[in-house]
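Please view the sequence and the structure together before reading on.

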Amino acid sequence: MTWRNRLRLWCGLLLVVGVVAALTLVVNQRSRQAFSSNAQVGAELSTIGSEYGGVVVEQYAEKGDEVELGQELFTISSLSLKRDLSNGLQSISTRAYEVDARHGRVTFLAPMAGTLTDLRAERGTFLAAGEMATITDGGTQYVTAQFRLTPEQYGRIRIGGEAQVELPSRSRMPGTVSDVSVQTSEGVAVTTVELAVPRLESESLASLNQPGSPVSVTLTLADSGILAGPTDSLVQFLHRVGVR
């Protein structure tokens with residue numbers, strides 16, 4: 001065998017070994033991940049509602065407005081409330097609403113500062129009893145994701161563990177595990193993971209970070225095996241070169 005053929009043989013062997021090693025690390029990295037496509041954004045919010053419906057006679061704020069604690073939102077005139085008051089119902093104003101017993105009116109106030117993300121009241125229309133408006137506290141967004149994991153996978157979830165959150169716009173951002181819970185339904189254990197995602201609180205994502213917005217989550221499971229270090233190095237390298 002000539003030296004040229006020997007060189008080709010060694011190059012071929014090194015290439016095969018390199019490909020097998022890379023594929024082994026990729027497979028190991030895949031086994032460390034759990035994917036959820038039914039995750040969604042959550043946030044601290046307050047729901048405004050009443051047992052009395054009525055006609056909206058005043059409207060002080062619009063959907064999407066930033067409101068302050070105690071700010072007037074809308075006023076309804078309720079015949080049923082007026083009737084109950086005339087029958088002896090004691091009216092008590094609270095931090096969430098003010099009652100005008102004489103005219104049977106209720107003015108609803110913002111129970112917290114935030115964004116008026118849902119408003120069913122419209123001046124001149126009838127507003128049914130029940131939920132009437134929702135205020136979302138900006139800057140408190142988080143993500144909840146559900147997974148069906150094996151016991152071995154569940155045991156590898158760590159508080160503070162890493163995750164990647166992908167928005168409907170296909171942009172990705174890092175998150176960390178802040179809480180884990182499990183519920184069993186019809187014999188199937190479903191793991192719910194809550195993620196802290198600081199970048200999700202950006203005002204530039206106002207159309208994507210509202211409560212209930214769908215996202216997908218790739219959760220990284222803890223790995224203490226001998227391939228953990230090389231796998232992390234490979235992933236970091238791929239991130240640097242822009243492959244992942």
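Does Glu166 count as buried or exposed? At 14% relative accessibility, Glu166 counts as buried, where buried means under 20% relative accessible area, exposed over 50%, and partly exposed in between (1.4 Å probe, protein chains only).

## Basis of the model

This is a predicted model, in which local features need pLDDT of at least 70 and side-chain atom pairs count only at pLDDT 80 or more, while totals for chains, interfaces and linings use all residues. Residues are numbered from 1 along each chain as its sequence is written, and side-chain values use heavy atoms, with hydrogens and water left out.

The structure holds 4 salt bridges, a salt bridge being a side-chain nitrogen of Lys or Arg within 4 Å of a carboxyl oxygen of Asp or Glu. One of them joins Glu166 to Arg170, with the closest N and O atoms 3.0 Å apart; Arg170 is exposed, at 64% relative accessibility. Through salt bridges that share partners, Glu166, Arg170 and Arg172 form one network.

## Two further pairs

Arg123 and Glu58 also meet through their side chains in a salt bridge (3.9 Å, N to O). This pair links distant parts of the chain, 65 residues apart, with Arg123 in the loop between strand E8 (114–119) and strand E9 (126–127) and Glu58 in strand E3 (residues 54–59); strands (E, at least two residues) are DSSP runs, numbered from the N terminus. Arg123 is exposed, with a relative accessible area of 53%, whereas Glu58 is partly exposed at 29%.

Asp118 and Arg120 form another salt bridge (3.7 Å, N to O). Asp118 is partly exposed, with a relative accessible area of 26%, and Arg120 is partly exposed as well, at 47%.

Terms used
Helix = DSSP H or I, 4+ residues; strand = E, 2+ residues; numbered from the N terminus.
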